[in-house]
Amino acid sequence: MARISKENLKDALKVYFIMGSVNCTIHPTEVLRQAIAGGITMFQFREKGKGALIGDEKYKLAKELQWICRDNQIPFLVNDDIELAMALDADGVHIGQEDEPAEYVRKQIGDKILGISVHSYEEATAAIQSGADYFGIGPIFLTETKEDAKPVQGTTVIQEFRANGITMPIVGIGGITPENAAIVISAGADGVSVITAISKAASIPDAVIELKKSVFSVKN
Ligand SMILES: Nc1nc(C(F)(F)F)ncc1COP(=O)(O)OP(=O)(O)O
Ligand SMILES: [Mg+2]
């Protein structure tokens, strides 16, 4: 499979759902099915935090979620766990600054999608050198999900990157809801990454529909 194009990735990043078992109050497979019904454009399996699954249980859930994505032509990515991503032949991985070095990960995954969390211009230029396909930038707003999140940064970094001519696909993350998603896109992001506003919504499909409306309401 050739490297995904920038344009196709920008479309896939529009409403990028990220989830693991600890983010769900009903079975993760049901959460994912409902999120797909609402119209998510990409999915990332992020099994992390207190009570996260490990070993065979983690692999089994990942496989079930991957099948649901495959049945619905939704790209399936894995956070942090490169070995799991390769074992599943996932469509890509997402790594942060404290995970395996990006240039090493790019060598392991070949042409799969490589997303990298970046928080500064230096991290961004290094990520470009290492072959990143998109940047995750945040936390944009206050988040309860990620215990070790860095300080809330708003949309400043996104705006600075665009002002400096960075054309890399960008997705914002951290406390994003249907009410504030348009702010992230107006700042120059191609899409929004969301965990809780989808996984714990009263109506998961409606939450995705509202997020999508907010994202597409911005004429960039
Ligand atoms: N999983 C993620 N996905 C994104 C994406 F861009 F996809 F929205 N951005 C950020 C993260 C955070 O990943 P995590 O492993 O918790 O933290 P770190 O970045 O410190 O490794
Ligand atoms: Mg990580």
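Q: Which residues come nearest to ligand 1?
A: Keep in mind that this is a predicted model. Gln 44, Lys 48, Ser 117, Lys 146 and Ser 193 come nearest, out of 17 residues around ligand 1.

Q: OK, polar contacts. How far is the side chain of Ser 117 from an oxygen atom of ligand 1?
A: An N or O atom in the Ser 117 side chain is 2.7 Å from a ligand 1 oxygen. Lys 146 also has a polar side-chain atom by a ligand oxygen, at 2.8 Å. For Asp 80, a polar side-chain atom lies 3.0 Å from an oxygen of ligand 1.

Q: How much of the accessible area of ligand 1 does the protein cover?
A: The protein covers 94% of it, where ligand 1 on its own has 460 Å².

Q: Where does ligand 1 sit, then?
A: In the largest pocket. Strand 1 (15-19), strand 6 (134-137) and strand 7 (170-173) are the elements that each give two or more residues to the shell around the ligand.

Q: Switching to records. Which residues does the UniProt "binding site" annotation cover?
A: Asp 80 and Asp 99, according to an unreviewed UniProt entry.

Q: Asp 80 keeps turning up. Where is its place in the fold?
A: Asp 80 is in the loop between strand 3 (76-79) and helix 4 (82-88). The backbone there is worth a look too: Asp 80 isn't a glycine, yet its phi is positive, about 70°.

Q: Why point that out?
A: Because most residues other than glycine have a negative phi.

Q: What about peptide bonds, which one is cis?
A: The bond from Gly 138 to Pro 139 is cis, with omega near 5°. Most peptide bonds are trans. Pro 139 lies in the loop between strand 6 and helix 7 (156-163).

Conventions: Residues are numbered from 1 along each chain as its sequence is written. Chains are lettered from A and ligands numbered from 1 in the order in which they are written. This is a predicted model: local features need pLDDT of at least 70, side-chain atom pairs count only at pLDDT 80 or more; totals for chains, interfaces and linings use all residues. Side-chain values use heavy atoms; hydrogens and water are left out. A residue is near a molecule or strand if one of its heavy atoms lies within 4 Å of it. A polar contact is a pair of N or O atoms within 3.5 Å; within protein, one must be able to donate a hydrogen and the other to accept it, and residues adjacent in sequence count only if both atoms are side-chain atoms. Accessible areas come from the Shrake-Rupley method with a 1.4 Å probe; for residues, only the protein chains shown count as cover. On a 1 Å grid over the protein atoms alone, a cavity is a set of points where a 1.4 Å probe fits but cannot get out, and a pocket is an open set with protein on both sides within 12 Å along at least five of seven lines; lining residues have an atom within 4 Å of a point. A molecule sits in a cavity or pocket if more than half of its atoms lie within 2 Å of its grid points. Helices (H or I, at least four residues) and strands (E, at least two) are DSSP runs, numbered from the N terminus. UniProt positions are given in the numbering used here, feature names are shortened, and annotations may be inferred rather than shown by experiment.
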